[in-house]
Each structure stands twice: as C-alpha cells, then as structure tokens.
Amino acid sequence: MTKKTHLAREMSARHIQMIALGGVIGTGLFLSSGYTIHQAGPLGTVIAYLIGALIVYAVMLCLGELSVAMPYTGAFHVYAKKLIGPATGFTVAILYWLTWTIAMGSEFTAAGLIMKRWFPHVPVWWWSLLFIIIILLSNIFTVKAFAESEFWLAVIKVLAICSFILLGTLAIIGIIPVHGYQHAPLLTNFTKDGLFPSGFSGLFMTMLTVNFAFSGTELIAITAGETKQPEKTLPAAIHTTLWRLIIFFVGSMIVMASLIPYQKAGVTQSPFVYVFSQMGIPYAADLMNFVVLTAIISAANSGLYASTRMLWSLANEGTIPSVIAKTNKRGIPVLALLLSMLGGVLALLSSIYAAGTVYLVLVSVSGLAVVFVWIAISLCELIFRRRFLAAGHQVSELKYRTPWYPIVPWFAFIASSLSCILIWFDPQQRIALYCTVPFVLACYAAYYLQVLWRKYIAKKKVSVVVK
C-alpha cells in the first residue's frame, strides 16, 4: 500500500474555524462546568478557566508551527514519532484516540441526560444508542458533508452562547429578574462565602476538568491533511483561539458563577439550563436544552472524526495493521471509523450503571490523556525548532513561527505537566491517574512487543528462504 500524508483536501477556512469550535464547545462547557463551580467556587472557576485558556493557547502556538511545516492527517503522532521517538509517537496516537473515544462516551451519556428533561421515563441508554447511530451516519459519507454539518452545528452553539452571555449580563445587573433574588445579583456570589469557599486548593484540583473542557481545540492540526491551503487557513484559525476561549468559556463562567450559588452546581443538570429556568423566560430553558443537545452532538461528531483520522494515520504509517487505513470510494476510512465508534459502548455502560458518577471518571481519564498529548506537542516544538536551526535553516524560512520561543513551548510543557500532578489531590479524579498512567506504560510495552514480533517474523522468513 502506498503511504500517504493526507486524505482528500475538501475543507475550507470557514470549515476549519467551526470544526475547532465544534470540538471544544461540548459537555466540558455545557455540563461539567457545573462541577468546576461546585468544587472551586465562583472566583476559583473563572481563574481556572483563564489559566486553562492560556495553557491551550500556548499549545496551539506550538502546534501552529508544526502543522504548517508538516501538514499531515492525524498529525500529532507523526511529529512525536519523528522528533521524540517511534514508541512515543505510537503512545501519543493511542492516547489521543483514547481521549476522543472516551470523550464520545461522555458526550453520548450527556446527551441522554439532557433528553431526560423532556422524556424523564425513557432510559438514558436508548438516547445514547440513537445518537451513536446519527453520528456514525454523519461521518460515513464524504469529508465535505461532515465539515458542512459541523459548520452549522457550531454556528448554533456560538449564537446560543452569545445570547446566554447577553441575557445573563442583563440578569446580573437586574434588568431581567432572577428567581431567588430580590435585587440585582451583581457579583455577590463571588464574595458572600469568601473568595475561595472550598479553599485555594479547589482551584488546582479542578484543572483537569478545565483541560477536558478545552480539549478539541487541537483538532485544527488533525484537519491539516484535509485542508485547502493549510499554510494560510491554520494560522488564521490559531490566532482566533485565545479570544474565542475567553469570550465563550470565561464569559459563560462569569455569568454562571454570578447567578448560581456554588453549592447548587453539579453535573446532573446543565448550568445553562438552570440559569434560564431561574430567569423565568418562557421556553428559554427548553430552547437552551436543545442547544446544549446540539453542542453535545457536534462535539461527538468532531470526536469521531478526530479519532478516526488518528487510527488511519497509525495504519498509514504501518504501526498498526494497514487494512485499517483502507478507504471507501468517498475517501472515508470506514474500518477506522467503526473501531473508533467503540467509544459509544462506554456511553451505554456509564448511562446504565451511574450516569452522574461514571461520567466524572470518563471526563477525568479523557482530560488526563489529552494533557499528555499537549505535553508531547510542546516537547515536539522545542525539538523541532532546535533541529531546524541545527540543519542550517533560518527562522525566517518558517511560514508560521511560534512566538516568544522558547518561552511559549516551555510554559505549555511545564503548565500541562503540573495540571497532571495536581489531580492527585482530588480524590474524585485521582482514579484518572490509576487508569491513565498504567495505560501509557502499556502502550510503550505494546509498541516494543510488536517491534520484537516483527523482527521474529522477519528472521523466520529469512530462515525459510535459506532452507
């Protein structure tokens, strides 16, 4: 099989912008943000999301230089393979695949939880199964069809969040009445129980949940191999990352933290829906519930796309069986798609046994896996620039350059590493370490075992030929 660097290039700049948004705006913002408010308190939540935005922006700046210089489909593991080592490349690919398959599981679970508002007696797993089928059908046709559907789903989310921030601001200053408040709420929630009601440690212990909320921004690099003119469209998308994250995430957090007492926030109901219910706007809560559902479907849609491309890239590189890289006549790697959809099984299991608690475990494992990938990306950037210059090239030759090198990649590397360590202090999320660290070690072991197996097979073939 001929090795490729990319699939069909059918995505335009507007598709890339909205796919990045589609991946990042999902349950992390619409559902698990309630957990962050409950754990860290109002001010702690805003600070945590600001720190998270800076970390992911630093990672994106690193990724920008790498993806423009090497625009491959399923880019991360190719960079890690070339710049760090083949075992790390394999581990990064499997981790990112794990990130999105588990994320898909949590998205499907969340979709079922959201539907309970309208259909309280229908089991959650029924809805999860329905959305699994819808997402599978969305991805199995052409890449352009996926990109177009994701564009419009993301547009709905953006408009809804802007409306939420606007109406929420009016409620905060007292123009729109809020149930439970006799006067304008203003920012009293930020101070009435102390600046950090759960202690300063609550801020750091929620960083993993915040990282999960921001995971998906790096989808821009995954699309590099299917993007028209990646040297122009990718930098444009990256430059808008920081303000998008601040407006959509930090802006939403300020509104939610101002209108929801931190003791009442959780993950069994979307804080967006709760706020609209408290405002008493007719049908607004149901409308926002629909938007949240749309956002979740969109994020799962992007997740299946990302995990499929990562498996295709692994197979294309020959790391896993090459049959997985085979595409249909529309250019879709169907087997990789079906294998990635196995993450939907996690949704069914979590919704049957404990949707509210297992969901947090899924978020934790997925969040930790993506931070491992961020660490690898920042390390790849440090190595790439050093080797690029050592080979006699000039920085001016790069079509896109990571600014403030090496400060930005070092900040991304150190901050991402710290956020992994800090979750040890949160008993509810500590299970992520118990699950993910052994998984990383197993990935390295699996890689070296398959290398030994290939050498054994090669020797056996040679001995047969000699005989």
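A residue counts as buried when its relative accessible area is under 20%. By that cut-off, helix H9 is mostly covered, with 8 of its 8 residues buried. The model is predicted. The protein has 19 helices and 0 strands, and 58% of its 467 residues count as buried.

**Overall picture**

- The accessible surface of the protein comes to about 18,500 Å², and carbon and sulfur atoms hold 72% of that area.
- Among contacts in the protein with a separation of 6 or more, 83% are between residues 24 or more positions apart.

**Helix H9 and what follows it**

- H9 covers residues 207-214.
- The buried residues of H9 are Met207, Leu208, Thr209, Val210, Asn211, Phe212, Ala213 and Phe214.
- After H9 comes Gly216, which has a positive phi near 120 degrees.

**Packing of H3 with H9**

- Two packed helices are described by the angle between their axes and by the distance between those axes.
- For helix H3 (residues 33-69) and H9, the angle is about 55 degrees and the axes are 9 Å apart.
- The crossing of H3 past H9 is right-handed.
- On the H3 side, the residues that meet H9 are Tyr35, Thr36, Ala48, Tyr49, Ile51, Gly52, Ala53, Ile55 and Val56.
- On the H9 side, the residues that meet H3 are Met207, Thr209, Val210, Ala213 and Phe214.
- Sorted by class, this contact of H3 with H9 has 11 nonpolar residues, 3 polar residues and no charged residues.

**Packing of H5 with H6**

- Helix H5 (residues 86-115) packs with helix H6 (residues 124-140) at an angle of about 125 degrees, and their axes are 8 Å apart.
- That angle makes H5 oblique to H6.
- H5 passes H6 in a crossing that is right-handed.
- From H5, the residues in the contact are Phe108, Thr109, Ala111, Gly112, Leu113 and Met115.
- From H6, the residues in the contact are Val124, Trp127, Ser128, Phe131, Ile132 and Ile135.
- By class, the contact of H5 with H6 has 9 nonpolar and 3 polar residues, and no charged residues.

**The loop between H7 and H8**

- Leu186 is placed in the loop between helix H7 (143-172) and helix H8 (201-205).
- The phi of Leu186 is near 50 degrees, a positive value in a residue other than glycine.
- Leu186 has a relative accessible area of 45% and is partly exposed.

**The loop between H17 and H18**

- Trp404 lies in the loop between H17 and H18.
- The phi of Trp404 is near 55 degrees, which is a positive value in a residue other than glycine.
- With a relative accessible area of 63%, Trp404 is exposed, the cut-off for that class being over 50%.
- Pro406 is also placed in the loop between helix H17 (355-390) and helix H18 (407-422).
- The peptide bond that joins Tyr405 and Pro406 is cis, with omega about 5 degrees.

Methods. Residues are numbered from 1 along each chain as its sequence is written. This is a predicted model: local features need pLDDT of at least 70, side-chain atom pairs count only at pLDDT 80 or more; totals for chains, interfaces and linings use all residues. Side-chain values use heavy atoms; hydrogens and water are left out. Axes are lines fitted to C-alpha atoms, for helices over the stretch in contact, and angles run from 0 to 180 degrees between N-to-C directions. Helices (H or I, at least four residues) and strands (E, at least two) are DSSP runs, numbered from the N terminus. A crossing is left-handed if the near helix is turned anticlockwise from the far one by less than a right angle, and right-handed if clockwise. Contact means heavy atoms within 4.5 Å. Ala, Val, Leu, Ile, Met, Phe, Trp, Tyr, Cys and Pro count as nonpolar, Asp, Glu, Lys and Arg as charged, and the others, Gly among them, as polar. Buried means under 20% relative accessible area, exposed over 50%, partly exposed in between (1.4 Å probe, protein chains only). Accessible areas come from the Shrake-Rupley method with a 1.4 Å probe; for residues, only the protein chains shown count as cover. Angles under 35 degrees count as roughly parallel, over 145 as roughly antiparallel, 65 to 115 as roughly perpendicular and the rest as oblique.
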